[in-house]
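Biologist: I have not looked at this one before. Can you walk me through it?
Modeller: Here it is.

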Amino acid sequence: MDWARRILYRQSLRGWMALAMVLAVLPLLTSAVVGYAVYHRTVVSPFRDVLTVQHATLVSLERIHDDYWQVAEAVNGYLLSGDAERAARYTAVAAEVEAQFERLSEAVAADPALVALIGVARAEWSALARDAETVLARPREGLAGAVPDIDRVAALERELPVAAQGLEQIVERLRSESEVHHAAALVALRRLEIGAAAALVLSVLMMGLGAWVVNRAIVLGTDRLVEGARRVASGQREEPVAVTVPPELAAVANAFNDMTRTIVEQEARLREFGRRDALTSLLNRREFDHALEQRAAPWTGEPYALLLIDIDRFKRINDTHGHAVGDAVLRAVALRLAASTRQGLPLFRYGGEEFALLLDRAGAAEALAEAERLRHAVAEEPVELEDGTRIAVTISVGIALGARGQAGAELFAAADRALYAAKDAGRNCSRMDPSAVQA
């Protein structure tokens, strides 16, 4: 049974739904087939047997009718010729008539009306047979002087046609009834068979319709869910999964879309967190390197500048007040720089107490003015801590201008030299790299 379990476990949803449909319709199909078999065995076959009996009855009556004329022919022939073969012929025909009457008695035993009719006909035959046997038992010469025998011969000649006519009436009656019953039975049987076949075909069609409905309502919705999951796994998360029926799958699709939106939002936040410095929330060193290389590599001739900013004597702040206070000073300086920087300009925390700012379409004058604005924004007011302590903070700024063919590392080195020049000049000032291209 393990192989059967493995096969079932590997089935798709379509396979399981098809199996469910088959199991649901199988009892109906089974009942239809069994019902048809029982109907055929208990109705059709017996009725056909009845028709067969009626046919056999008609055949027997027709044969008796024919045999009556042969009896009359044998008796009349004996009277005319005295031929013993005529008497023997009578004996054979009479035995056949008796046999046919026996068959008739068995065939019509369930029909009282026919039993009565056949009984009358058989009584008539018995009387005729006695008269015929009496006549045939005497020599032909002795019949002329025997008045009773002559009367029997006359009676036989009168009664044989009457008996034959009576049989013919029974035959006609049976034939008419048989034809009517036979026609009605055939129509009924045909209708029943057509109805059974139509029910079977309708069952199969309904099973197909059910499979189509299940496929449209469940399987296709499931396929959309699977396709949506594959898109999400491959990174294509813009298009939502559209499932409207059935409500259960629609609810699953809505939950899946909500989950996808949550994932997209979380990924966006994670990407943003990856771009930001954890302490100051400014763009981090990785973003600075990327932005610098973007501006340096395909230089279009438009001037741009790099401002490298350093907090003056930051090590003294850490040594005097501790690293927690140093972190608070870094956050305060970052907030002042971000608030003072023109909107849209990328501000970075390069590392430690150093910050960087990239100015697009800016020459020496614009870069120096921006540096001085930032320096004054930091120095104009001390940083106030939570305990009320006020710490005076200043910054030094080094400025470098981008040049054609200049790599990002070279521009950074130029800004670093300018920063050291500002430090050497006494700090809390801005200095331009003397080797930079003037705008």
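**Rings, charges and helices**

Modeller: There are four aromatic pairs in the structure. Rings of Phe, Tyr and Trp (its six-membered ring) pair if their centres lie within 6.5 Å; planes under 30 degrees apart count as stacked, over 60 as edge-to-face and the rest as tilted. F288 and Y350 are edge-to-face, because their ring centres are 5.4 Å apart and their planes stand at 85°.

Biologist: Before we go on, what kind of model is this?
Modeller: This is a predicted model, where local features need pLDDT of at least 70 and side-chain atom pairs count only at pLDDT 80 or more, while totals for chains, interfaces and linings use all residues. Residues are numbered from 1 along each chain as its sequence is written, and side-chain values use heavy atoms, with hydrogens and water left out.

Biologist: Are F288 and Y350 buried or exposed?
Modeller: Both F288 and Y350 are buried. Buried means under 20% relative accessible area, exposed over 50%, and partly exposed in between (1.4 Å probe, protein chains only).

Biologist: And what do F288 and F412 form?
Modeller: F288 and F412 form an edge-to-face aromatic pair, with 6.0 Å centre to centre and 65° between the planes. F412 lies in helix 11 and F288 in helix 7, so this pair ties together parts 124 residues apart in sequence. F412 is buried, as is F288.

Biologist: Which residues do ring pairs link into a cluster?
Modeller: The cluster consists of F288, F348, Y350 and F412.

Biologist: New topic. How many salt bridges does the structure hold?
Modeller: It holds twelve salt bridges. A salt bridge is a side-chain nitrogen of Lys or Arg within 4 Å of a carboxyl oxygen of Asp or Glu. One of them joins K423 and D310, with the closest N and O atoms 2.4 Å apart. K423 lies in helix 11 (residues 408–424) and D310 in strand 1 (residues 304–311), so the pair ties together parts that are 113 residues apart in sequence.

Biologist: Are those two buried or exposed?
Modeller: K423 counts as buried at 14% relative accessibility, and D310 is buried with a relative accessible area of 6%. D310 and K423 are also linked with D312 in a network of salt bridges.

Biologist: Where do R373 and E370 lie?
Modeller: R373 and E370 both lie in helix 10 (residues 364–379), three residues apart, about one turn of the helix. Their side chains meet in a salt bridge, 1.9 Å from N to O. R373 is partly exposed at 35% relative accessibility, whereas E370 is buried at 1%.

Biologist: What does R390 form with E384?
Modeller: R390 forms a salt bridge with E384, and their closest N and O atoms are 3.6 Å apart. R390 is partly exposed, with a relative accessible area of 47%, and E384 counts as exposed at 51%.

Biologist: Last topic, the helices. Which residues of helix 8 meet helix 9?
Modeller: F314, I317, N318 and H321 in helix 8 meet H323, V325, G326, V329 and L330 in helix 9. Contact means heavy atoms within 4.5 Å.

Key. Helices (H or I, at least four residues) and strands (E, at least two) are DSSP runs, numbered from the N terminus.
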